[in-house]
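Please examine the sequence and the three-dimensional structure shown below. The explanation after them is meant to be read alongside both.

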Amino acid sequence: MATATIIDGKRFAARLRADIAAQVARLRADYDLIPGLAVVLVGENPASQIYVRNKGLQAREAGMNSFEHRLPATATQAELLTRIAELNQDPAVDGILVQLPLPKQIDPEAVIEAIAVAKDVDGFHPLNAGLLAVGGTAMIPCTPLGCLMLLKDRIGDLAGQRAVVLGRSNIVGKPMAALLLREHCTVTIAHSRTRDLADECRRADILVAAVGKAQLVKGDWLKPGVTVIDVGINRIPTPDGKGRLVGDVEFDSAVEVAGAITPVPGGVGPMTIACLLLNTFTAACRQRGIPVPEVRPAAE
Ligand code: NAD
């Protein structure tokens, strides 16, 4: 039986970062401008600390300025909003990202809405979500943007493709569906109340799984040749006690049926940070009226 092409997100993301770095160097030479990314971390969540460190590291590697702001786990919402207001005013800061989740005394929606729309490099502000929905110039959430890049690299023109998105969260499922619609796909959004998930999946030429349920999607739910983008990151137990990361798709059965599939890890994950850098670069250009060049990885 044929096996799917493995979509190497790690490699694609490295090429994308290299292209962003080249564009950042050009921005510096032509406009004396260095894009700046501010990442705000509240509390000491170990996973969040790793994410924040990686974001800063990769921003600096791409030639950008990176500003880390740490607030204690006891910080109040007012304290965080004050910090965001300062960053909104700071001309050295082009992009602001507040690492989620936040401690329970802080309302994440109030925080997201406080970030200046032009600096909202996560693309979570309701105005950016609305702009994406109506086809305007939005900041696009990083994970769906990364998924779309992988899809276009694999398929080219997406017009007319039947796309099924599993999950309807504001950070992945909904913006993913909006992006695919913008690319002229016929889009279905399936979710926890969908009646027959397998049946919906079988219709897909493109399947994006963003559910957070380990190995939910089986190989026999797939149409032969489908392109599968697995966003899920789930840790399952292993006999050695260390656990193992798997996606929302049962890779071993899916790989026998799909035409192409992203692995977990090494698929969508690395694209998310690369797209954060891309959004920061885009935000820096837009805020100064500089035309945004198309950034796309050079051919290998
Ligand atoms: P979420 O919990 O906010 O949303 C999950 C969605 O899945 C919901 O809309 C829900 O309706 C749907 N769902 C739940 N159970 C379902 C079921 N049995 N059948 C069908 N749909 C079901 O999650 P999220 O933030 O969108 O993240 C989804 C997954 O993607 C998680 O595993 C998360 O860790 C991962 N993720 C990965 C990246 C990355 O960079 N690779 C980024 C963000 C999220």
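Predicted model: local features only at pLDDT ≥ 70, side-chain atom pairs only at ≥ 80, totals over all residues.

One of its sheets is open and consists of 6 strands in the order β1-β11-β8-β7-β5-β6, paired in the parallel sense. The edges of this sheet are formed by β1 (residues 5-6) and β6 (residues 186-190); each has a single partner strand, so one side of each has no neighbour in the sheet. Within the sheet, β7 (residues 206-209) and β8 (residues 227-230) run parallel and are joined by 4 bridges. In this part of the sheet, V208 has I229 of β8 as its bridge partner.

Helix α6 (residues 142-155) packs on this sheet and touches β1, β7, β8 and β11 (residues 260-261). The direction of α6 makes an angle of about 160° with that of β8. Helix α7 (residues 173-182) lies across β5 (residues 162-166), β6 and β7. Relative to β5, helix α7 runs at about 170°.

Another open sheet has 3 strands, in the order β3-β2-β4, and its pairing is parallel. Here β3 (residues 65-71) and β4 (residues 95-98) stand at the edges, and because each has a single partner strand, one side of each is left without a neighbour in the sheet. From one strand to the next, the twist averages 15°. Strand β2 (residues 36-42) runs parallel to β4, and 4 bridges join the two.

The peptide bond from L100 to P101 is cis, with omega near 0°, and P101 is placed in the loop between β4 and α4 (residues 108-114). A cis peptide bond also leads from V264 to P265, with omega near -5°. The loop that holds P265 lies between β11 and α10 (residues 269-287). D32 is not a glycine, yet its phi is positive, at about 55°. This residue belongs to the loop between α1 (residues 9-31) and β2.

Attention may now turn to the ligand. How many residues surround the ligand, and which are the closest? The ligand is surrounded by 20 residues, the closest being R168, S169, V231, I233 and T272. By class, the shell divides into 8 nonpolar, 10 polar and 2 charged residues. R168 places a backbone N or O atom 2.8 Å from an oxygen atom of the ligand. In the case of S169, an N or O atom in the side chain is 2.6 Å from an oxygen atom of the ligand. V231 has a polar backbone atom 3.5 Å from an oxygen atom of the ligand. On its own, the ligand has 850 Å² of accessible area, of which the protein covers 72%.

Definitions and conventions: Residues numbered from 1 in each chain as written. Heavy atoms only, no water. Near = heavy atom within 4 Å. Polar contact = N/O pair within 3.5 Å; in protein donor to acceptor, adjacent residues only side chain to side chain. Areas by Shrake-Rupley, 256 points an atom, 1.4 Å probe, with all protein chains shown as cover. Nonpolar A, V, L, I, M, F, W, Y, C, P; charged D, E, K, R; others polar. Pairing = 2+ DSSP bridges. Contact = heavy atoms within 4.5 Å. Axes fitted to C-alpha atoms, helices over the stretch in contact; angles between N-to-C directions.
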